[in-house]
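Please examine the sequence and the structure shown below. The briefing that accompanies them is arranged by topic.

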Amino acid sequence: MKKLLCLTLCLLLALGAAGCAEKTYAPTGQLSGDEALDGQVLALLGKLCSPKETAQENLLHVYDFLCNDITYRPGTADTSGGFTAELTNRLAAELLSKRKGNCDSIAALTAVLLRRMGYEAQIVQGTFLREGTDEPVDHAWVYAVVDGTGCYFDPLYGSHFAADARDYCMAGADRMRLTHQWDETLTG
């Protein structure tokens, strides 16, 4: 009887300890269709995000990573055919590998991460005005729907041109219109 009681107590303790184990962030959003990229994205989100934090806090962690851990490298990708799934995946995978990229690859990775987190996200192509000039610069960033509201993510512009990089994390259209131009009929 003592053995049975002892085994029962050990089992209850083991089950209790298993329930207290640290849970990992497990996004349930859209896969990219590229198995290797999906594995890298899952690993990255597992490092950046926590199930104990709110969705908005996790979005900020991802945005901060894009601002602080990715180095800008001038250049452009051939986006004349638009950001196809294949191009988006290729640019995102390359950026994850090299940690250096242009606005096209940063927008691609941002979109892939947000989609995997469960948000509708699309890459926006447009321009911004470089400070002190009237010359538009071709640029790409991301539009996403967060908690039913459309907003914009531009970690490259935020980290290089804004006084506060987070001004371009979940930014409204009014904020974006101050510095960016795009065909707004294509978003929201």
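The model is predicted: local features need pLDDT of at least 70, side-chain atom pairs count only at pLDDT 80 or more, and totals for chains, interfaces and linings use all residues. Residues are numbered from 1 along each chain as its sequence is written, and side-chain values use heavy atoms, with hydrogens and water left out.

**The chain as a whole**

- The chain contains seven helices and seven strands; helices (H or I, at least four residues) and strands (E, at least two) are DSSP runs, numbered from the N terminus.
- Read from the N terminus, the order of the elements is α-α-α-β-α-β-α-β-β-β-α-β-α-β.
- The chain has 188 residues, and 41% of them count as buried, a term for under 20% relative accessible area, whereas exposed is over 50% and partly exposed lies in between (1.4 Å probe, protein chains only).
- Among contacts with a separation of 6 or more, 56% link residues 24 or more positions apart; a contact means heavy atoms within 4.5 Å.

**Helix α3**

- Helix α3 covers residues 55–68, 14 residues in total, and spans 20 Å from its first C-alpha to its last, close to the 20 Å expected at 1.5 Å a residue; the expected span is 1.5 Å times one less than the number of residues.
- The buried residues in α3 are N58, L59, V62, Y63, F65, L66 and C67.
- Those buried residues pack against helices α2 (35–48), α5 (103–116) and α6 (155–161), and against strands β4 (136–146), β5 (149–153) and β6 (169–171).

**Helices α4 and α5**

- Helix α4 (residues 85–98) packs with α5 at an angle of about 100°, and their axes lie 8 Å apart. The two helices are therefore roughly perpendicular, the term for angles of 65 to 115 degrees.
- On the α4 side, T88, N89, L91, A92, L95 and L96 take part; they meet D104, S105, I106, A108, L109, V112 and R115 of α5.
- By class, this contact of α4 with α5 has eight nonpolar, three polar and two charged residues.

**Residue R177**

- R177 lies in helix α7 (residues 173–177).
- R177 counts as partly exposed because its relative accessibility is 42%.
- Apart from its neighbours within four places in sequence, R177 is in contact with W182 and E184.
- R177 and F128 are 49 residues apart along the chain, and their C-alpha atoms are separated by 9.2 Å.

Technical notes. Axes fitted to C-alpha atoms, helices over the stretch in contact; angles between N-to-C directions. Parallel < 35°, antiparallel > 145°, perpendicular 65-115°, else oblique. Nonpolar A, V, L, I, M, F, W, Y, C, P; charged D, E, K, R; others polar.
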